[in-house]
There are 2 protein chains.
Amino acid sequence: MEHWLTMRANLSPGSTAIELDNGDTYTFLQLKQKAERFALQLSNVHQQGHLAILSDNTADMIIAFWACTYLKVPTVFLNTRLTLTEWQQQCDDADVQLLLCADGYIVGAEHLQQSVYSFSHIHTLTPTDKALASMIDMDSVCSMMFTSGTTGRAKAVMQSFQNHWSSAVASALNLGLMPTDKWLICLPLFHISGLSTLFKSVIYGMPVYLMERFEEDKVHHAIMEKQVTIISVVAVTCERLLQRLGEANYPTSFRCMLLGGGPAPKSLLEKAKQRHVPIVQSYGMTETSSQIITLNAADALRKLGSAGKPLFTSSLQIIKDNREALSNEVGEIVVKGPMVTNGYYQRVEANQKAFRDGWLYTGDLGYLDEEGFLFVVDRRSDLIISGGENIYPAEIEDVLLSCDGVLEAGVTGMKDEKWGQVPVAFVVCDSEQITSEHILAYCQERLAAFKVPKRLMFCSQLPRNATGKLQRYKLKEC
Amino acid sequence: MEHWLTMRANLSPGSTAIELDNGDTYTFLQLKQKAERFALQLSNVHQQGHLAILSDNTADMIIAFWACTYLKVPTVFLNTRLTLTEWQQQCDDADVQLLLCADGYIVGAEHLQQSVYSFSHIHTLTPTDKALASMIDMDSVCSMMFTSGTTGRAKAVMQSFQNHWSSAVASALNLGLMPTDKWLICLPLFHISGLSTLFKSVIYGMPVYLMERFEEDKVHHAIMEKQVTIISVVAVTCERLLQRLGEANYPTSFRCMLLGGGPAPKSLLEKAKQRHVPIVQSYGMTETSSQIITLNAADALRKLGSAGKPLFTSSLQIIKDNREALSNEVGEIVVKGPMVTNGYYQRVEANQKAFRDGWLYTGDLGYLDEEGFLFVVDRRSDLIISGGENIYPAEIEDVLLSCDGVLEAGVTGMKDEKWGQVPVAFVVCDSEQITSEHILAYCQERLAAFKVPKRLMFCSQLPRNATGKLQRYKLKEC
């Protein structure tokens with residue numbers, strides 16, 4: 001297929017591609033020209049091999065990403081909230097050769113072993129005359145993002161152009177496509193919910209309204225005043241927006257609040273229903289290149305609490321004891337479709353475990369009702385979802401166990417009014433002299449702030465099953 | 001990919017798939033169930049090999065077509081207006097083993113050498129327990145339709161599932177997709193403009209409003225009263241609808257009159273503009289599985305007369321003397337994209353001529369303006385378009401030349417108020433005793449009525465170039 005951004009710039013050169021909340025806009029032609037120029041500048045220092053981007057949501061980040069596609073360079077997206085240690089590990093695991101970062105991150109990122117350049121530095125280079133890609137190889141890797149698992153060590157999910165294309169098309173077939181659509185991004189572009197909107201923008205010819213981060217006043221204002229029609233949210237941001245909305249109503253042109261990133265409390269959905277907020281529940285993950293199961297607007301009220309049905313082109317099964325579960329019987333959620341990743345980068349064992357006969361075994365639990373609507377009972381039992389970020393207990397436990405004096409460690413999620421859930425840790429230590437301050441300081445050096453346990457409890461033993469496996473679900477009884 | 005109709009019936013079982021103008025409706029679940037049942041009944045007499053359908057637009061025809069997809073049987077669509085001789089030739093050329101027809105055609109079709117069954121007969125059979133297809137092989141041939149060329153003998157265009165899928169997706173990316181969409185079909189389903197809407201219906205989850213044929217009062221009424229949002233038309237039907245509309249206006253929910261099937265007179269477009277009729281001009285053909293170039297609504301008035309730009313995923317070039325033409329320079333229209341056929345069935349030579357490096361050489365003439373908008377100057381010079389039907393002079397000339405006493409024959413199109421164009425013939429005969437009545441009667445036995453020359457002129461010689469090639473464009477000077 002011809003390069004998507006090139007096609008779009010030819011088709012709709014003057015249409016708005018990006019609108020920033022400071023009022024700046026970029027047309028598709030401008031975006032393409034800037035991406036091409038940046039690609040030629042970047043080609044002075046990088047021509048092939050994996051490249052990482054470390055940035056908050058900015059136009060520069062979008063330009064840098066599209067530039068990579070013109071160089072046929074896969075982009076590894078790093079979470080800005082991680083520590084240097086975590087960035088280093090992810091860069092190593094993904095074979096990153098060069099890292100591009102927003103200027104604000106250069107001081108921290110410079111300590112990485114890879115070559116590191118700021119966007120500003122690249123802008124100073126003289127463009128080369130390298131030939132840029134005119135076509136897209138649909139089966140090649142476009143982007144990589146890290147997700148963790150029960151083993152603790154994060155895995156790089158490979159997302160192909162075909163994955164992103166299929167996701168954008170399937171989403172349009174479900175949500176529809178209006179000439180007036182404008183999609184607000186306030187979730188990070190280094191998460192799939194943010195990134196996937198960039199592909200929709202170029203494939204649909206639709207403007208994105210880009211915010212550097214979620215700020216409820218600004219988002220509220222944009223929905224009320226800036227003709228935004230769709231926004232992607234997670235439960236926490238949805239809750240805050242509804243509070244900010246109060247007794248008011250959104251404009252009728254605002255047609256979809258796409259809710260993903262974890263389970264939504266029924267009370268939240270009820271509140272949204274009362275205020276006529278057009279919430280569209282969905283279920284998806286990094287491995288499915290964003291939503292793969294979505295609740296139709298037509299069924300939204302009738303099936304409150306359901307994540308919906310598979311998008312067109314994708315399939316869903318509930319597997320229990322190696323067979324398809326009956327209606328209303330809980331089992332593992334298993335999905336298939338052209339938006340599902342081909343696997344984790346260089347993780348043979350994890351791939352064998354997660355992918356069987358073309359199906360992705362998500363590890364999440366759910367059931368189908370008589371009409372085939374999915375109800376997610378629980379994300380994989382050990383997953384903590386805090387403000388839309390996934391936190392894997394095993395990763396925190398690994399750090400705790402590496403701290404001198406800690407013999408055993410167990411981490412679980414606890415309810416939190418603001419973030420939905422926060423991690424709390426239970427440890428068994430070899431002496432009573434070790435302090436929680438010491439352990440938490442140790443964690444702070446090695447873990448992103450949102451992963452550092454909010455409470456630390458000392459115990460004499462942790463709940464384990466007969467084989468000695470930690471029973472995290474029992475931790476709260478300690 | 002899972003079977004589209006199965007997926008759709010699972011996703012939107014209760015949504016309307018087909019609405020007939022007698023008020024009958026079929027949901028997607030009903031359509032799927034009826035198609036599956038018909039497939040199992042049909043499997044008594046046909047399990048594999050090409051099958052032809054001969055029918056006007058009815059729900060039975062749609063059910064029979066989807067039934068074939070459940071049997072993985074490619075469907076050859078026959079034009080109901082052809083003669084028995086033409087049907088026989090097309091069935092033979094496409095290796096048709098069995099023909100299904102609407103009850104009204106059984107008397108004529110029974111003379112074919114193939115097995116022939118009416119829909120009603122199949123309905124009387126006991127369903128077998130054959131396993132139906134649960135998946136679609138995207139690269140396999142879904143449908144075949146005949147189109148002619150300069151050689152006179154019609155060629156079967158092979159349309160794969162991938163072609164139809166890509167066409168439906170690209171159309172949605174351009175025209176948008178509203179939850180309220182309802183597409184009226186009044187063009188024959190045996191033409192690609194009709195058939196392509198069936199795929200859109202199932203892929204989008206959108207109702208089609210099906211009419212057996214174009215009748216301006218009924219179509220007008222449906223647009224005014226039946227919440228139709230989109231209709232496909234050709235210039236002749238568009239003209240008649242505008243006349244019927246008079247000084248009235250269509251409802252604002254009516255958002256697209258998709259105009260294809262040949263050039264549109266500028267006066268027609270001006271008239272539509274005055275009456276605020278949302279005409280969307282397009283260019284396409286059987287080989288491109290319907291529109292491949294379409295004018296955006298946003299550019300409709302600014303670029304009146306243009307066919308637009310390529311749909312997303314497709315590409316367009318103007319080739320003159322084996323090079324890309326400059327802006328505003330007329331050359332051959334050459335297109336590429338996933339909706340373009342892989343070729344003509346068993347026509348090696350024609351395929352070599354039409355397809356080069358993945359591009360389809362259409363034989364039509366046009367140019368691109370400075371902004372890349374296509375203006376079609378002329379369909380391939382010898383093509384006559386009469387009421388939306390393509391007529392190829394060579395085919396008529398072949399028949400004329402086979403008539404005793406006719407030495408030379410040339411056919412060209414002449415303007416006609418009602419049909420746009422009609423065919424007229426010029427012949428050189430070996431005696432003055434042969435009458436035009438005799439020759440026309442001979443044609444009527446062998447050619448569909450719309451192909452029979454409306455006038456016949458006797459000449460002493462036909463205009464030919466130095467090599468003796470007929471110069472059809474000079475015929476009018478005879």
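Biologist: Start with A:Lys271. Buried, exposed or in between?
Modeller: This is a predicted model, and in it A:Lys271 is partly exposed, at 30% relative accessible area.

Biologist: What does the A:Lys271 side chain meet in a salt bridge?
Modeller: The side chain of A:Glu239, with N to O at 3.2 Å.

Biologist: What does B:Glu239 pair with in chain B?
Modeller: B:Glu239 and B:Lys271 form a salt bridge through their side chains, 3.2 Å from N to O. B:Glu239 is in helix α10 (residues 235-245) of chain B and B:Lys271 in helix α11 (residues 266-274) of chain B, so this pair ties together parts that are 32 residues apart in sequence. B:Glu239 is partly exposed at 25%, and B:Lys271 is partly exposed at 30%.

Biologist: How many salt bridges are there over all chains?
Modeller: The structure has 42. One of them joins A:Lys303 and A:Asp369, whose closest N and O atoms are 2.6 Å apart.

Biologist: Where in the chain are A:Lys303 and A:Asp369?
Modeller: Both are in loops of chain A: A:Lys303 between β14 (290-294) and β15 (309-310), A:Asp369 between β21 (359-368) and β22 (374-378). The pair links distant parts of the chain, 66 residues apart.

Biologist: Buried or exposed, for A:Lys303 and A:Asp369?
Modeller: A:Lys303 is buried at 10% relative accessibility, and A:Asp369 is buried at 7%.

Biologist: Which residues are linked with A:Asp21 in a salt-bridge network?
Modeller: A:Glu212, A:Arg213, A:Glu215 and A:Lys218 are linked with A:Asp21 in that network.

Biologist: Switching to the two chains. How many residues of chain B are in contact with chain A?
Modeller: 25 residues of chain B, in contact with 25 residues of chain A. The two chains bury about 2200 Å² between them, and 69% of that is on carbon and sulfur atoms.

Biologist: Which residues in chain B lose the most area to chain A?
Modeller: B:Leu11, B:Leu173 and B:Phe312, which together make up 32% of what the chain B side buries.

Biologist: Which elements of chain B give two or more residues to the side that touches chain A?
Modeller: α1 (4-11), α7 (161-175), α8 (192-204) and β15 (309-310) of chain B. α1(B) gives the most, with five residues. By class, the chain B side has 17 nonpolar, five polar and three charged residues.

Biologist: Now inside chain A. What are the domains?
Modeller: Chain A is divided into domain 1 (4-136), domain 2 (160-380) and domain 3 (383-477). The C-alpha centres of domain 1 and domain 3 of chain A lie 36 Å apart.

Biologist: How many residues of domain 1 of chain A are in contact with domain 3 of chain A?
Modeller: Six residues of domain 1 of chain A, in contact with ten residues of domain 3 of chain A. Those two domains bury about 560 Å² between them, 42% of it on carbon and sulfur atoms. A:Arg81, A:Thr83 and A:Glu86 supply 71% of the area that domain 1 of chain A buries against domain 3 of chain A.

Biologist: How many salt bridges between domain 1 of chain A and domain 3 of chain A?
Modeller: Two salt bridges, plus five residue pairs in polar contact, both at pLDDT 80 or more. The residues on the domain 1 side divide into one nonpolar, three polar and two charged. The side chains of A:Arg81 and A:Glu389 also meet in a salt bridge, 3.3 Å from N to O.

Biologist: Last one. Where does A:His3 lie?
Modeller: A:His3 is in the segment before α1 (4-11) of chain A, and A:His3 is buried at 0% relative accessibility. Leaving aside neighbours within four places in sequence, A:His3 is in contact with residues including A:Trp66, A:Tyr70 and A:Met135.

Notes
Residues numbered from 1 in each chain as written. Chains lettered and ligands numbered in written order. Predicted model: local features only at pLDDT ≥ 70, side-chain atom pairs only at ≥ 80, totals over all residues. Heavy atoms only, no water. Domains from an automatic or database assignment. Contact = heavy atoms within 4.5 Å. Buried area = accessible area lost by both parts, 1.4 Å probe. Salt bridge = Lys/Arg side-chain N within 4 Å of Asp/Glu carboxyl O. Polar contact = N/O pair within 3.5 Å; in protein donor to acceptor, adjacent residues only side chain to side chain. Nonpolar A, V, L, I, M, F, W, Y, C, P; charged D, E, K, R; others polar. Buried < 20%, exposed > 50% of the residue type's maximum accessible area, 1.4 Å probe, protein only. Helix = DSSP H or I, 4+ residues; strand = E, 2+ residues; numbered from the N terminus.
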